[in-house]
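Work through the exercises below with the sequence and the 3D view side by side, and try each task before you read its solution.

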Amino acid sequence: MSNEHDQDGEDMSVTAPASALSSVAANRAHREPGNMPLGSGLEARGIHAWFGKHLALADVSLDFGAGTVTALIGPSGCGKSTFIRTLNRMHEFIPSAAMAGEVLLDGKDIYDPQIDVTKVRLEIGMVFQKPNPFPSMTIGENVLSGLKLAQIKRDNKEQLLEECLTRAGLWNEVKDRLDAHAGGLSGGQQQRLCIARSLAVNPKVLLMDEPCSALDPGSTLRIEDTISQLARTMTIIIVTHNMQQAARVSDYTAFFLSDGGPGQMIEVGPTNEIFSRPKDQRTENYVSGRFG
Amino acid sequence: MSMSSLVILTLIGLFLSLRGYQAFKSQGFHFITGVDWVAAQDGSGEKNVFGLGAMIIGTLVISATALVVGVPLSVLTALFLTFYAPERFKKFLISVVDLMASFPSILYGLWGFFVLMPMAEYWAKLIHKYLGWIPIFDVPQPAYTRSPFIAGIVLAIMIIPIVTSVSREIFAQTPLDRIQAAYALGATRWAMIKAVVLPFGASGVVGGAMLGLGRALGETVAVYSVLNIVFKVNFQVLYGFGGNIASMIVQKWGEASLSEGKALLAAGFVLFIMTLLVNMGANYIVRRTVKTGR
């Protein structure tokens, strides 16, 4: 099981030379840690992941600073989707999946047997590749569904609803039809609805697994906008096939690669540097569009 | 294959309706709505009165009891098999449930009589004590054995395999991305099931329940073994008498006069039509659910 067989219609890596990407990365406003609420940092230590006997990911260690956006890039089958799913324990839903290593949120291992896994997923939210709103619920119910699912009591639900939809950049489009079913929204709107839904339970970290791969370019830009807004308040980790996207939204970029064996993390650094002067030849080959 | 079963089905329907025609003709609408069944001796010149109503009502009361008890149990079983059972035992447990479908109904009848009845009598007393103010749970005299309630529970056990297996197949088709969405929002397994699986599977459960109903309507031997069959209208499920069409036919068949025999065949035709309609409805719902996935 992996998400690697997705279509990748908007991948511009073939046409975009590395120099153009690095200038995109250099031009974007750099986030300075000020007095903003920045979410929590996440540290992955020595992550291995297996499907049955097949080792899919070997020894990945990565730090994600509070309030940063980190992009995970790499060709299909490199284990980046598998990696991101170990960060909120979604990996273990796949039968026969196993993992080793530690993921520290605020210094506490989320794989500690003492820890309540449902609480972990409240703190580390996730947005999936394909928009997946609950079709039996209205737009409003979708946004607030996390409260019901995790049995969180909260007053001022209306206020929370507006706040989440605003943060996800969807409020103006849906404020008059909160009671309509979510299935009537466009793909891009549905994905922003899913982001709003994740925000309602107030996560400190948001994982995004190729959130734009099923969307048209216009919707993609809107989501990227949303990501930039959100990054002021939380830590974001995004898997993407689209190097333009990595350059546009992320502060740091990690490059994953599998040379036929298990996926590995080849290199991580500030996005600007990964696209302008990568240290590893394989990263250079990938970002300059020579393969992938 | 499906052609030949259609032919057989049509022939059975024709046979029952032709043989029963006289009863329909002489009784008219009273055959369905009437609630008395008085068979005269052939040639005595007295008038036959055949009104199946009491047994139609009895059939519905017992079947409804079976659904009320059986469907929740089946849904829980299906949820357990799909989302809770350890992978290693899953196949084994599924085959155990399917095996239940292949037991002869007389075994259920005997089990119901000897094992279930003493327990169910106690439950019936409890229900009467606390819910007796609801008309259907009222009991005029303390006669709790051999009631429609007990027959309903036996039928509930008998429909569990079919309702469980249809529900299980629908639940297993719940889209993975919705399940993951719920988990990613911090849902427990049960919260996920309530928010995602049950809304998705609801119409499939309805279809499975109707297939179960189709089985419950026509069940004969098991009902015959546990129920005190009396030809009278009885809505009081805990009260110790009742009947359904099939068991009544069995009870009366041996001693029936020629004209009563025809009336029993006509009763069989009514049951045939009821079962056919319910099964067709169930198949339609199940097939539509499987196809559209919602």
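Predicted model: local features only at pLDDT ≥ 70, side-chain atom pairs only at ≥ 80, totals over all residues.

Residues are numbered from 1 along each chain as its sequence is written, and chains are lettered from A and ligands numbered from 1 in the order in which they are written.

**Exercise 1.** Find the order of the six strands in the open sheet of chain A, and say which strands lie at its edges.

*Solution.* Begin with the terms: helices (H or I, at least four residues) and strands (E, at least two) are DSSP runs, numbered from the N terminus, and two strands pair if DSSP finds at least two bridges between them. The edge strands are β6 (124-127) and β10 (264-270) of chain A, each of which pairs on one side only. From one strand to the next the twist averages 15°. Now look inside the sheet, where β3 (residues 69-73) and β9 (residues 252-257) of chain A pair in the parallel sense over four bridges, and where A71(A) stands opposite T253(A) in β9(A).

**Exercise 2.** Describe how helices α7 and α8 of chain A pack.

*Solution.* Two packed helices are described by the angle between their axes and the distance between the axes. Here the axes are lines fitted to C-alpha atoms, for helices over the stretch in contact, with angles from 0 to 180 degrees between N-to-C directions. Helix α7 (residues 187-199) and helix α8 (residues 217-230) of chain A pack at an angle of about 20°, and their axes are 9 Å apart. Angles under 35 degrees count as roughly parallel, over 145 as roughly antiparallel, 65 to 115 as roughly perpendicular and the rest as oblique, and α7(A) and α8(A) are therefore roughly parallel to each other.

**Exercise 3.** How many helices and strands does chain B have, and what percentage of its residues count as buried?

*Solution.* Counting the elements of chain B gives 11 helices and two strands, which run α-α-β-β-α-α-α-α-α-α-α-α-α from the N terminus on. A residue is buried if 20 or more other C-beta atoms, placed from the backbone, lie within 10 Å of its own, exposed if 12 or fewer, and partly exposed in between. Of the 294 residues of chain B, 43% count as buried. Finally, the C-alpha trace of chain B spans about 80 × 50 × 30 Å along its principal axes.
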